[in-house]
Amino acid sequence: SCPNADSAWVVETTANTATIAWTPVADSGATYNIILGSDTVATGLTDTEYTVDNLHGNTHYTFIVATDCADSTFSFGTYVQALTDCGIVDELPWSEDFTSPDALRCWTMHDLDGVFTSNWYRNSLGEVRSNFCDNGPANAWVVTPALALPEGDGNVTLSWDAYGQTS
């Protein structure tokens, strides 16, 4: 039978790529295939590192590194998961419903003193929340991920819903 690579890992991610690596098998004639979902994205690889491109930002991917042994048999594959970095949102219209567990990591908060890292959280009811108050003025801003706006007449419509609460 054709052996699996012992392990696979993520070397690096960007908003649009994931570089994965794996341990080679003992079969010196083996090559490797990279599978994403039902698509084979690379075949016949002899190196033990590969960069998959054309990915979407802030998205989970599961890749399979399958060994293609010299006798034309294939392994079941070794799985590796990657989460791409936050990127520029370039597919419009765009909507964020905050249902993805990773949606919050691409938003930031600013106040008069500087930039906070995202401190959004999901409460026990599943509602997305963020605390802005520090017993002072509410001079805080929520900043979306970067948006690539289309060229044209300069008119773009942005809309959102926000709710406030006092304690």
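So, a disulfide here is a pair of cysteine sulfur atoms within 2.5 Å. Keep in mind that this is a predicted model. By that cut-off the structure holds 2 disulfides.

Take Cys2 and Cys69: their sulfur atoms sit 1.9 Å apart, so the pair counts as a disulfide. Cys2 is in the segment before β1, Cys69 is in the loop between β6 and β7, and 67 residues separate the two. The link is right-handed, with 90° about the S-S bond. Buried or exposed? Cys2 is buried, at 10% relative accessible area, and Cys69 is buried too, at 5%.

Next pair: Cys86 is joined to Cys106, S to S 2.0 Å. Both are in the loop between β7 and β8, 20 residues apart. Cys86 is partly exposed, at 33%, whereas Cys106 is buried, at 14%. Number the bonded cysteines in sequence order and the pairing reads 1-2, 3-4.

Now the overall fold. We've got 0 helices and 12 strands. Of the 167 residues, 30% count as buried. And if you take contacts between residues at least 6 apart in sequence, 55% of them join residues at least 24 apart.

Which residues come closest to its centre? Of the 23 lining residues, those are Gly57, Asn58, Thr59, Val89 and Trp94. The lining divides into 10 nonpolar, 9 polar and 4 charged residues.

That's me done.

Definitions and conventions
Residues are numbered from 1 along each chain as its sequence is written. This is a predicted model: local features need pLDDT of at least 70, side-chain atom pairs count only at pLDDT 80 or more; totals for chains, interfaces and linings use all residues. Side-chain values use heavy atoms; hydrogens and water are left out. On a 1 Å grid over the protein atoms alone, a cavity is a set of points where a 1.4 Å probe fits but cannot get out, and a pocket is an open set with protein on both sides within 12 Å along at least five of seven lines; lining residues have an atom within 4 Å of a point. Ala, Val, Leu, Ile, Met, Phe, Trp, Tyr, Cys and Pro count as nonpolar, Asp, Glu, Lys and Arg as charged, and the others, Gly among them, as polar. Helices (H or I, at least four residues) and strands (E, at least two) are DSSP runs, numbered from the N terminus. Buried means under 20% relative accessible area, exposed over 50%, partly exposed in between (1.4 Å probe, protein chains only). Contact means heavy atoms within 4.5 Å.
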